[in-house]
Structures are given as structure tokens and as C-alpha cells.
Amino acid sequence: MSWLVTGGAGYIGGHVVRRMRAQGYQVVVYDDLSTGVADRVPEGVPLCVGNLLDRDALTDVMRIHNVTGVVNLAARKSVPESTSDPMLYHRDNVSGFIAVLDAMKDAGVRHIVQSSSAAIYGGAPGPVHAEITPADPLSPYATTKLMAELILKDAAAAGHLSYLALRYFNPVGALAPELAEVGGANVFTILFNAIDSGEVFGVTGDDFDTRDGSGLRDYIHIEDLADAHVAAVEYISGHEAGDVVNIGTGRGYTVFEMLEAVRQVTGQPVPHKVVDRRPGDAAGAVAAVERAERLLGWRARYDLMDMVDSAWTMWRAQRDGVPV
Ligand code: WQD
């Protein structure tokens with residue numbers, strides 16, 4: 001018996017694979033390596049290189065490896081790219097996702113943990129979002145994540161599968177240099193690049209309705225996020241499930257607070273200036289965490305300083321090619 005992790009060579013996938021293995025799960029990775037990195041897949045874990053739209057290849061992998069459930073992380077995740085090329089996102093994140101469900105049906109696999117996103121809440125009044133908050137996606141990326149959730153709901157209602165969709169807030173950090181995300185577009189990647197290149201970091205707006213005017217987010221340590229997947233896998237292995245679950249800490253930090261944490265960890269002030277808001281940017285997004293605690297018995301353990309420390313250490317280790 002093993003679990004198939006699609007996108008297992010990605011930033012989140014690489015961590016999920018490690019934490020599942022640490023808990024004794026056998027894991028198989030399916031990834032097209034378009035943004036994933038083969039080095040992130042540990043020794044002893046089979047890496048199947050294939051396209052998510054290839055239903056037959058997915059079915060074969062599930063059958064050959066005697067797969068009992070799927071953690072579906074393979075997706076495109078850039079909000080700006082989704083705005084300029086929405087069909088790319090609908091093809092890979094929706095059609096590709098349907099191919100995974102079809103393959104599961106072909107191979108007789110019923111359990112799926114789906115990667116979803118707090119981006120689904122988009123413009124909904126916040127900052128705290130419970131899972132019952134009506135969705136308000138503000139980008140094609142967010143729309144594709146919501147569509148996947150709705151498809152899961154219909155498939156589960158027909159008795160075809162049992163699922164949990166995890167709505168991630170803002171993951172930060174890395175457990176090893178090769179697992180760090182250096183090419184992404186999240187605020188920490190932008191910030192560390194600015195520090196490295198001596199550029200001034202732009203705070204995208206200081207007139208939001210938050211305690212200091214800058215954007216408020218629920219940053220979550222990648223190890224906690226990966227452990228939430230293990231808890232979800234355990235839960236759906238023993239229950240008939242059909243739920244969406246927020247994965248965050250329940251605590252929000254503003255950009256200025258985050259800059260102060262980075263100053264403390266790096267020992268150097270971060271040159272910054274206030275620039276224009278990003279189009280459609282949310283003021284605040286913080287997870288209501290009760291459902292995760294109740295359903296999965298999971299809660300985040302790490303705080304902002306732990307995340308920043310982990311992110312900065314592994315960022316530098318990868319940049320300098322030195323082991324930690
Ligand atoms: C965090 C905070 C900005 C850049 C994330 C992912 C996105 C998507 C949805 C993917 C905000 C501020 C940012 C900068 C800044 N999902 N900021 N200067 O907005 O929650 O979006 O979730 O998987 O790809 O990024 O996170 O990291 O973009 O921004 O001040 O140059 O940092 O206003 O408050 P967000 P983020």
C-alpha cells in the first residue's frame with residue numbers, strides 16, 4: 001500500500017513526502033518537473049515523471065504501486081500568471097485535476113487530500129475566515145482552486161470518493177536547503193532576493209484597514225503545513241470525509257511586523273519603502289483553525305520567528321551551496 005503524491009517534487013510536495021515517510025507511509029511521486037525539482041524527491045521514493053492530464057499514465061502508476069490514496073498537490077500557483085493566461089490554469093488545475101479523479105476511479109482509489117488555498121476567500125470580509133465564509137475568488141488561480149473543491153463535493157455526494165481539501169494560508173520556511181523555494185513569488189522570496197541584491201523592498205500598500213496599514217497574513221511554518229497533510233491522510237484513511245479545512249496558525253502578522261522579525265533573524269535592517277498596492281490585494285487573511293483542530297487533531301506548533309529563521313537559513317544554504 002502506498003500514497004501517491006502528485007507535485008511531490010515541488011516546494012510543498014517535497015516537505016509532505018518527507019513528513020509522510022517519517023510517519024511510516026510509503027510514497028510515490030508523480031510530477032512533470034515543470035516547476036518541480038527531482039533532487040527534492042528523497043532516495044527510495046519512486047519518481048514518475050508525467051503530465052497531470054495523462055489519465056492513463058496516472059492510472060498505471062496507481063495500479064503498479066498499489067496506491068491507496070492520493071495527495072494532489074500538482075498545480076500551477078502564480079496569481080499574476082493566471083490573470084494573463086487563465087486557460088493555462090483551467091487546463092492544468094481543473095482538467096488535470098479531473099484526470100486525477102478519473103484515474104482514481106479507473107484504479108479503484110477512493111481517498112484524496114486536495115491542495116486548496118486561502119486565495120478562495122479573496123475579497124470576503126475578514127481578516128478571519130472560517131470555512132463557511134462565502135468564497136470570493138479574485139483571480140483565475142483562486143477560481144480553479146474553488147472549482148476543484150466543488151467537483152470534489154459532487155463526486156463525494158455520488159459516493160465516488162472521500163476527500164479533504166486543505167486551504168493553505170501562507171507557508172514559509174524549509175526543512176532542508178534543497179527544499180527551499182527560491183524562484184517563487186511570495187513575499188519572503190521577494191524580500192530575501194532584495195536583501196541579497198541590495199535592492200529596496202517594496203511594501204505594497206500601507207493604507208489597508210489593518211493595525212499598521214500594511215497587509216496582514218497568516219504565515220505558517222512549512223513543517224506544520226506538511227504535518228497537516230499527514231493528519232489529513234490519517235483522518236481519511238479511517239473516515240468517510242468530505243470537508244474543506246483551513247490550514248493556518250490563527251494568528252496574523254502585518255508586513256511591517258514581518259520586516260521586524262526578518263531584522264531580528266538576519267541581524268540587519270531591511271531597506272524598504274512603501275509602493276502602490278497590488279491590484280485586487282486583500283487587506284487581511286487569517287485562518288479560523290477550530291475545524292482543523294476538531295477534525296484532524298492538528299494545530300500549528302511554530303511561530304513567526306521559527307519560520308523566518310528556517311526560511312533564511314535554508315535560503316542562504318541553497319544560495320551558497322553549503323550543507324546545514
Ligand atoms: C503577503 C503580504 C502583500 C509582495 C499568496 C501567494 C499566491 C497565492 C495566494 C499560491 C501581502 C505583501 C507582497 C511584495 C509586499 N497562492 N507584499 N511586498 O497575497 O497571501 O498570496 O496566496 O500558492 O501565490 O503569494 O501572499 O506572499 O504574495 O504577500 O509588501 O513585494 O506581503 O501585500 O500583504 P498572498 P504574498
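Helix α1 covers residues 11–22, twelve in all, and stretches 17 Å from first C-alpha to last, close to the 16 Å expected at 1.5 Å a residue (that expectation being 1.5 Å times one less than the number of residues). Helices here are DSSP runs of H or I with at least four residues, strands are E runs of at least two, and both are numbered from the N terminus. This is a predicted model, so local features need pLDDT of at least 70 and side-chain atom pairs 80 or more, while totals for chains, interfaces and linings use all residues. Residues count from 1 along each chain as its sequence is written, and side-chain values use heavy atoms, without hydrogens and water.

Back to α1: its buried residues (under 20% relative accessible area, 1.4 Å probe, protein chains only) include Tyr 11, Ile 12, His 15 and Met 20. Among the elements covering them (contact: heavy atoms within 4.5 Å) are β1, β2 and α7. After the helix comes Gly 24, with a positive phi near 95 degrees.

| Residue | Atom | Distance to ligand oxygen |
|---|---|---|
| Lys 77 | backbone N or O | 3.3 Å |
| Tyr 141 | polar side-chain atom | 3.4 Å |
| Asn 170 | side-chain N or O | 2.9 Å |

Taken alone, the ligand exposes 690 Å², and the protein buries 84% of that (Shrake-Rupley areas, 1.4 Å probe).

Definitions and conventions: Buried < 20%, exposed > 50% of the residue type's maximum accessible area, 1.4 Å probe, protein only. Polar contact = N/O pair within 3.5 Å; in protein donor to acceptor, adjacent residues only side chain to side chain.
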